[in-house]
Amino acid sequence: MEDFDLIVVGGGAAGFFGAIACAEARPGSRVIILEATPRVLTKVKISGGGRCNVTHHQFDTKRLVMSYPRGNKELIGAFHRFQPRDTVAWFAAHGVELKVEEDGRMFPVTNSSQTIIDCLEQTARQHGVGLRLKTLVQRVEKVDDHFLVHTKDGAVLRSRFVLLATGSMPFGQTLARDLGHRLVDPVPSLFTFEIKDPLLEGLSGTSFPRVHIQLKIPGAAQDFQQEGPCLITHWGLSGPAVLKLSAFAARELFASGYKAQALINWEYPLKYEAALERLDALRREHPKKKVSNENPFGCTRRFWEALLRESGLSAAQLYAETGRKQLQEIARRLTATPLNVEGKGVFKEEFVTAGGVAREEIDFRRMESKVCPGLFMAGEVIDVDGITGGFNFQNAWTGSWLAAQAMAYSLGDSPKA
Ligand SMILES: Cc1cc2nc3c(=O)[nH]c(=O)nc-3n(C[C@H](O)[C@H](O)[C@H](O)COP(=O)(O)OP(=O)(O)OC[C@H]3O[C@@H](n4cnc5c(N)ncnc54)[C@H](O)[C@@H]3O)c2cc1C
């Protein structure tokens, strides 16, 4: 029977990073990655629209954890030991420079996810990390102080430690369940909202720098709210504010069948009273001007015209011909448009699953199972997920690095542990 120090199940971001970090911290250790499919790092390849949003330029760990709807408490300690600054330094030390974009997302300067794949594959090879493709792990068995890993093709490999890095694949998670772990049901996170409303018709592509969205979900104990940029799409709404809401309300939206009522302030933080004041002033000072030509707000002309249309104004209407009720209606729609969310749309740049191995069963200082010592977990297999922006990869890098340090330390003296 083949013997290893560490068997990594899953050749994704967490699996590769963990395998490399262990081999680096404990040179000479026998580490192998078992990957079910014919290719490794497939999600890295397609991530960030093919550019791989590796991490986020948020080095304040208290703020960083606020981007994790599930796992924010548990990750505080973990990020103290390995956070985005460490990710940037790690990749720089391995020949990959990252750059930061205006919104804080960090990508390789090459703008290609292949750079990250090449880096991880080359580094793994340099450190003698083994790799077996088309090797589905069917069962992991704990026997005394070691593990027997059974693959679909009938092989049995023995190892002191196992790192479960199977991502959100249900089959991978059953490996954890069979070892006695509780699984939290998977539900999608990071999606857009399907909304059909006359206000949005013909406005696809219109963006807003800062909206506020309040979401009422039938059956939910609380309302959800977020602010940030927003984009009108062919099928409804997208953009950071919507994606954040989809993540923080992932479970409640799933339970409601993706039905909810959104109340949107398109000009946040402008208040209704202030909006009405500006309109009143225009009516006083420019009564002969067309309302459609005098937009006192930051929104685009196309949106302004749609807002006037839905508020009952005609295209050529002058301010002088506009009653107070109509101005009130414009101000109300601008600062609190009610829209019905009718379903879940796709967000092609990134998607993750909420759910996985229950967090309370993992010691986040070591990423080791409390139920099955010697078994480590990292990445999306655990019930941890972040909003869009590089936070999900950061969770994979941090978790697998911590697991690797703990395993390397146990394998012998390690300077980093
Ligand atoms: C389209 C898309 C774009 C994304 N873009 C970004 C982004 O830009 N930034 C960001 O932070 N996040 C992004 N994400 C999320 C990010 O990709 C994941 O959070 C991350 O890949 C999780 O890494 P992981 O190693 O835990 O799981 P995965 O990357 O899913 O890897 C798990 C691996 O385990 C293998 N496996 C599963 N079960 C078994 C088994 N039984 N035996 C052997 N092998 C097994 C799988 O085949 C897979 O290769 C994106 C996701 C998607 C889908």
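These are my notebook entries on a predicted model of one protein chain.

**Entry 1: the whole chain**

I began with the overall figures. The chain holds 13 helices and 21 strands. Its C-alpha trace spans about 90 × 45 × 35 Å along the principal axes. I looked up burial next: of the 417 residues, 54% count as buried. Then I checked how far contacts reach along the sequence. Taking contacts between residues at least 6 apart in sequence, I found that 74% join residues at least 24 apart.

**Entry 2: E1 and E2**

Strand E1 covers residues 2–9 and runs parallel to E2, with four bridges between them. Which way do the side chains of strand E2 point? Val31 and Ile33 point one way, while Ile32 and Leu34 point the other way. I noted that all four are buried. The general rule is that side chains in a regular strand alternate between the two faces of the sheet.

**Entry 3: the sheet E3-E5-E4**

I looked up an open sheet of three strands. Their order is E3-E5-E4, and the pairing is antiparallel. Strand E3 (55–56) and strand E4 (98–100) are at the edges with a single partner strand each, so one side of each has no neighbour in the sheet. E5 spans residues 105–108 and is joined to E3 by two bridges. In one of the pairings, His56 has Arg105 of E5 as its bridge partner.

**Entry 4: Thr55**

I stayed in strand E3, where Thr55 is found. Is Thr55 buried or exposed? Thr55 has 0% relative accessibility, so it counts as buried; the cut-off is under 20%. Its side chain makes a polar contact of 2.7 Å with the side chain of Gln394. I then listed contacts, leaving aside neighbours within four places in sequence. Those of Thr55 include Pro84, Thr87, Val88 and Leu98. Arg105 and Met106 are also among them.

**Entry 5: H1 against H6**

I turned to a helix pair. Helix H1 (residues 13–25) and helix H6 (residues 113–126) have axes that come within 9 Å and cross at roughly 35 degrees. The crossing of H1 and H6 is left-handed. Which residues of H1 and H6 make the contact? H1 supplies Phe16, Phe17, Ile20 and Glu24. H6 supplies Leu120, Glu121, Thr123 and Ala124. I sorted the contact by class and got five nonpolar, one polar and two charged residues.

**Entry 6: E12, E15 and E16**

I followed E15 through two pairings. Strand E12 (residues 207–216) is joined to strand E15 (residues 260–265) by five bridges, and they run antiparallel. E15 also pairs with strand E16 (residues 337–341), in the antiparallel sense and over five bridges.

**Entry 7: backbone checks**

As background, most residues other than glycine have a negative phi, and most peptide bonds are trans. The bond from Tyr268 to Pro269 is cis, with omega near 10 degrees. Pro269 sits in the loop between E15 and helix H10 (272–285).

I also noted two positive phi values. Asp144 has phi near 55 degrees, and Met367 has phi near 60 degrees. Asp144 lies in the loop between E7 and E8. Met367 is in the loop between strand E19 (362–363) and strand E20 (368–369). Asp144 has a relative accessible area of 66% and is exposed. Met367, at 2% relative accessibility, counts as buried.

**Entry 8: Asp145**

I finished with Asp145, in the loop between strand E7 (137–143) and strand E8 (146–151). Its relative accessibility is 59%, so Asp145 counts as exposed; the cut-off is over 50%. The side chains of Asp145 and His146 are joined by a polar contact of 3.5 Å. I also took one distance, C-alpha to C-alpha: Asp145 and Phe191 are 43 Å apart in space and 46 residues apart in sequence.

Conventions: Residues numbered from 1 in each chain as written. Predicted model: local features only at pLDDT ≥ 70, side-chain atom pairs only at ≥ 80, totals over all residues. Heavy atoms only, no water. Pairing = 2+ DSSP bridges. Buried < 20%, exposed > 50% of the residue type's maximum accessible area, 1.4 Å probe, protein only. Polar contact = N/O pair within 3.5 Å; in protein donor to acceptor, adjacent residues only side chain to side chain. Axes fitted to C-alpha atoms, helices over the stretch in contact; angles between N-to-C directions. Left-handed = near helix turned anticlockwise from the far one by under 90°. Contact = heavy atoms within 4.5 Å. Nonpolar A, V, L, I, M, F, W, Y, C, P; charged D, E, K, R; others polar.
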